[in-house]
Amino acid sequence: MVISFYAGVSASTTHTWTTLSGTWADDVRVMTRNSVDDPGRPPGIVLSAATSFWLPVPPKRVFEFLRDENSRNKWDIFSNGGIVQEMAHIANGRDTGNCVSLLRSANSSQSNMLILQESCTDKTASFVIYAPVDIVAMNVVLIGSDPDYVALLPSGFAILPDGGGMGDSGSGGSLLTVSFQILDDSAPTAKLSLGSVATVNNLIACTVERIKAALSCDTNNCCQKK
């Protein structure tokens, strides 16, 4: 899923980032791509949006906060402030932060949806990547079917040390990149909806503010956009 996240947010000569105008004009960038016959991804117009900013919080603390299901309702607006439960957990390395989890939100308006989350960390960077998945599709995969049967559009976070201290030492700040991918239209030939751009822009802005607030960061004094 991390590889799919990389592919979704990587620019190229064909797919380039565009800076939004208006609110958060200097921060949020968007990119669109046509998804056609791409295994594991839904067909149609995919809208990606991302922003990066600095936090005066060590990378390890940011990583643990974002990957922990118990604190997810503090930043994920789709959890509606409810309890998020871990339904399954698969370790993916010696570090406890390297794992794949299947989460369920008690207050979600979509009772047939789960959250598939993959987190990974080392001394250079950490990632928390997730995507909503349909319960029926996930059950099909769990009994041994082709995982490409589940169409995913991963969103998530990349956490890097700011150079002010070693990432594992608990010192220094973090450079946090937030990225979302949404399906704008299931028809690959459709035109991009301005409403979808506004939606993802507001989603990023709200998520960033919630993360800052939850990590006790005064946005007027200590958080600087980059």
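Mentor: C206 is partly exposed, at a relative accessible area of 28%; this class lies between buried, under 20%, and exposed, over 50%, computed with a 1.4 Å probe on protein chains only. The model is a predicted one, in which local features need pLDDT of at least 70 and side-chain atom pairs count only at pLDDT 80 or more, while totals for chains, interfaces and linings use all residues. Residues are numbered from 1 along each chain as its sequence is written, and side-chain values use heavy atoms, with hydrogens and water left out.

C99, by contrast, is buried, because its relative accessibility is 3%. A disulfide is taken as a pair of cysteine sulfur atoms within 2.5 Å, and the count by this rule is 0. For C99, the closest cysteine sulfur belongs to C120 and lies 9.6 Å away, so the two are too far apart for a bond.

S105 lies in β5, a strand spanning residues 99–105. Strands (E, at least two residues) and helices (H or I, at least four) are DSSP runs numbered from the N terminus. S105 counts as buried because its relative accessibility is 13%. Its contacts (heavy atoms within 4.5 Å) beyond four places in sequence are S79, I83 and V84. The side chain of S105 also reaches the backbone oxygen of S79 at 3.5 Å, a polar contact, that is, N or O atoms within 3.5 Å, one able to donate a hydrogen and the other to accept it; residues adjacent in sequence count only if both atoms are side-chain atoms.

Turning to the nonpolar cores, each is a set of buried Ala, Val, Leu, Ile, Met, Phe, Trp, Tyr and Cys residues joined through side-chain atoms within 4.5 Å. The largest has 29 residues, and L55, V62, L66, F157, L176 and I211 make the most contacts inside it. Two or more residues each come from β3 (44–55), α2 (59–67), β7 (126–134), β8 (155–161), β9 (174–185) and α4 (194–214). The largest share, 6 residues, is given by α4. A second, separate core has 9 residues, among them A137, M138, V150 and L152.

Strand pairing requires at least two DSSP bridges. β3 and β9 run antiparallel and are joined by 11 bridges, with V46 opposite L183 in β9. β8 is also antiparallel to β9, through 6 bridges, and here L160 faces L175 in β9.
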